[in-house]
Amino acid sequence: MKSKKKDIRALTKEQLRQFFEESGDKAFRGNQVYEWLWSKGAHSFENMTNISKATRQVLEDNFVINHIRVDQMQRSKDGTIKNAVQLHDGLVVESVLIPTPTRTTACVSSQVGCSLDCRFCATARLKRMRNLNPDEIYDQVVAIDNESRLYHDRPLSNIVFMGMGEPLMNYNNVLKAIDKITSPEGLGMSPKRITVSTSGVPKMIKKMADDKVRFKLAVSLHSAIDEVRTNIMPFNEKFPLSDLREALEYWYEKTKSRITYEYVVWEGINDRKEDIDALLRFCSYVPCKVNLIEYNPIDDGEFQQASNKAIENYIDALESRGFVVNVRRSRGKDIDAACGQLANKS
Ligand code: SAH
């Protein structure tokens, strides 16, 4: 039977205060419990030692704490760590810790599976099973932060929403999780160190701009030609590049925050001169930089990373036009923790 108890971390502090007031206790009790839940990361009501036994029983009778459990942790030769994270209903998502000499980045999931259908991505094959709740996203970050301190002697410095799922298809919960991550009661991280990566849902990009979010935006572009993009990312048919462009112009106008384009170059797909020319044109619309990502094969070789020469052509063309371009090497490949490999074997 499904429990009728509510997930206590779905409540705001105000709602928690109200709960205690209505049950004849002091509203202040709500603050104490809230602190246990968020600042102290309590996994059970029993641990809340400054709360009376009777009150803990009231909490026990009404609520659950749906904490995630790191089911399996794998460590790569290069220091990358991948967590298989079990949710309260038994479903599993993955999150990754990526250390470099200057930062440690958490790559977190926003959905179980994914609603989109990018043909080169392992997660897309799972289909979307459900959205993650704000606390499930938050817990992934906390787990990685702990591992970062334990194995790399430093706290987490950055977060990217580049794990499983399309964050803008679970926008409200992602926003709530980020609120918690950035609030002093949560992790107190700066929003500037958080990047939300999207395949490009124009309506939601505009909504983010209207909401005046302060985190960064990355867009998985992969092609600036509609026909090519629709072939590899079929939802592009519904959200064509002209709509994406308009949304990105709107985003920049409102936020003045530069966009990162993620781009993989594949042999025979987007390695021609006209592909480069189209990207140069697209880059001229809004201030941006380009991250060329190494392709991580997920299947029988339908997609293949283009030659170094083809990638150099991209770099030369972008740099000679004054655009910033970075080449992103894969991390954690040996444990299937690299981009697009999540859920490859689980
Ligand atoms: N849905 C979001 C975030 C998850 S994907 C998005 O599309 O941005 C994170 C990044 O990994 C995206 O840029 C995606 O295009 C890229 N990616 C997916 N599969 C990949 C693969 N097999 N190799 C390299 N990058 C991949």
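## Polar contacts across the interface

A polar contact is a pair of N or O atoms within 3.5 Å; within protein, one must be able to donate a hydrogen and the other to accept it. By this rule, five residue pairs are in polar contact across the interface of domain 1 and domain 2, both residues at pLDDT 80 or more. The model is predicted.

Three salt bridges are counted between the two domains.

## Domain layout

The domain assignment places domain 1 at 6–64 and domain 2 at 69–335. Taken over C-alpha atoms, the centres of the two domains are 35 Å apart. Contact involves six residues of domain 1 and six residues of domain 2.

## Buried area

The size of an interface is often given as the accessible area lost when the parts come together. Here domain 1 and domain 2 bury about 690 Å² between them. Carbon and sulfur atoms carry 40% of that area.

Which residues of domain 1 lose the most area to domain 2? They are R9, Y34 and W38, together 70% of what that side buries.

## The cavity

How many cavities of 30 Å³ or more does a search of the whole structure find? The search finds one. The largest cavity holds about 500 Å³ of space.

Its lining comprises 31 residues. Closest to the centre of the largest cavity are F120, C121, M162, S220 and G340. By class, the lining has 17 nonpolar residues, eleven polar and three charged.

Key. Residues are numbered from 1 along each chain as its sequence is written. This is a predicted model: local features need pLDDT of at least 70, side-chain atom pairs count only at pLDDT 80 or more; totals for chains, interfaces and linings use all residues. Side-chain values use heavy atoms; hydrogens and water are left out. Domain bounds come from an automatic or database domain assignment. Contact means heavy atoms within 4.5 Å. Buried area is the accessible area (1.4 Å probe) that two parts lose on being put together, summed over both. A salt bridge is a side-chain nitrogen of Lys or Arg within 4 Å of a carboxyl oxygen of Asp or Glu. A polar contact is a pair of N or O atoms within 3.5 Å; within protein, one must be able to donate a hydrogen and the other to accept it, and residues adjacent in sequence count only if both atoms are side-chain atoms. On a 1 Å grid over the protein atoms alone, a cavity is a set of points where a 1.4 Å probe fits but cannot get out, and a pocket is an open set with protein on both sides within 12 Å along at least five of seven lines; lining residues have an atom within 4 Å of a point. Grid points are joined across faces, edges and corners, and a volume is the space filled by probe spheres set on the points. Ala, Val, Leu, Ile, Met, Phe, Trp, Tyr, Cys and Pro count as nonpolar, Asp, Glu, Lys and Arg as charged, and the others, Gly among them, as polar.
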